[in-house]
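Hi,

Here is the structure I promised to pass on to you. Please have a look, and then read my notes below it.

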Amino acid sequence: MNANLVLNQIEQIGVGLALIIFPLVFVFAFAAHPRLLRPRLLEPEELVRRAHGNKLVHFGHVLVTLNTSLLIVVALHFMRLLGNDAGAWAGFVGGMIAILGAVFLAVDKGALCLTMSAFDTLPEKTFGQIMPGIMTLFTRKGWMKLVWGIVFLPIGFAIQAIALLKTHTLSPWQSILFLIGALLMATPDGIEIINLSASIMMAVSLVPYGLQIIASAL
């Protein structure tokens with residue numbers, strides 16, 4: 001088999017896996033949060049207390065951090081998919097915005113979530129003593145304000161979803177579920193039941209599409 005064909009096959013399988021894995025990782029990560037059925041907006045200190053000592057939540061955050069690479073793959077795929085259509089500009093702009101948001105998501109999880117697993121190794125007394133320092137992270141002091149850039153991710157994917165819908169590049173039901181899921185992903189911390197629902201919508205939309213891509217490559 002021609003080497004280029006093999007590489008193209010591997011690329012297609014990789015894209016298909018990214019479309020399957022990324023929404024499923026979000027489903028797991030949001031499902032791991034406590035008190036899903038008692039949603040409410042949480043203050044920064046409540047977010048710290050909720051994450052403290054919760055190994056399952058930490059593991060979910062590790063997966064989400066790694067998942068950002070798959071988000072970039074998906075954004076690039078939709079850019080290419082829309083590249084020769086009327087939605088080319090929307091695909092490109094949406095993709096660039098989504099990629100920027102994915103970078104900020106990695107920053108957010110690294111700064112606010114993975115650090116918590118390190119703090120959890122401290123004795124409780126010491127943890128209490130450094131709480132003011134931890135709070136500077138969760139109240140987004142200094143350059144931590146940059147983590148608000150995660151809003152670019154749902155915005156970028158929403159733009160691409162609209163372009164996919166208008167150009168009929170994906171089935172309308174898939175584009176609509178992807179659009180709704182992307183928009184709902186911007187729900188604040190403490191109301192993860194909505195984020196979980198959004199992740200399920202994206203999984204229902206994109207997992208069959210990813211399987212289709214893999215099947216066509218085999």
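What follows is a short tour of the cores, the pockets and the cavity.

First, some ground rules. This is a predicted model, in which local features need pLDDT of at least 70 and side-chain atom pairs count only at pLDDT 80 or more, while totals for chains, interfaces and linings use all residues. Residues are numbered from 1 along each chain as its sequence is written, and side-chain values use heavy atoms, with hydrogens and water left out.

**The cores**

A nonpolar core here is a set of buried Ala, Val, Leu, Ile, Met, Phe, Trp, Tyr and Cys residues joined through side-chain atoms within 4.5 Å. Buried means under 20% relative accessible area, exposed over 50%, and partly exposed in between (1.4 Å probe, protein chains only). The largest such core has 37 residues, and those with the most contacts inside it are Leu19, Phe26, Leu71, Phe78, Phe157 and Phe178. At least two residues each come from helix 1 (3–31), helix 3 (55–81), helix 4 (88–119), helix 7 (152–166), helix 8 (172–184) and helix 9 (192–217). Helix 1 gives the most, with 8 residues. (Helices, H or I of at least four residues, and strands, E of at least two, are DSSP runs numbered from the N terminus.) Another core, of 16 residues, lies apart from this one, and Leu47, Met116, Leu137 and Phe138 are among its members.

Beyond its neighbours within four places in sequence, Phe26 is in contact (heavy atoms within 4.5 Å) with Val64, Asn67, Leu71, Leu105, Met185 and Ser199. Val207 is found in helix 9 and counts as buried because its relative accessible area is 17%.

**The pockets**

Pockets and cavities were found on a 1 Å grid over the protein atoms alone: a cavity is a set of points where a 1.4 Å probe fits but cannot get out, a pocket is an open set with protein on both sides within 12 Å along at least five of seven lines, and lining residues have an atom within 4 Å of a point. Grid points are joined across faces, edges and corners, and a volume is the space filled by probe spheres set on the points.

The largest pocket holds about 850 Å³ of space. Of its 34 lining residues, Lys109, Ile150, Thr187, Pro188 and Asp189 are the closest to the centre. Helix 4 gives the most to this lining, with 6 residues. By class, the lining of the largest pocket divides into 23 nonpolar, 4 polar and 7 charged residues. (Ala, Val, Leu, Ile, Met, Phe, Trp, Tyr, Cys and Pro count as nonpolar, Asp, Glu, Lys and Arg as charged, and the others, Gly among them, as polar.)

The second largest pocket has about 220 Å³. Its lining includes Asn8, Glu11, His77 and Arg80, and helix 3 supplies the largest share, 5 residues.

**The cavity**

Phe22, Phe26, Leu71, Leu153, Pro154, Phe157, Ala182, Met185 and Met202 line the cavity. Helix 7 gives the most to this lining, with 3 residues. The classes come to 9 nonpolar, no polar and no charged residues.

Best wishes
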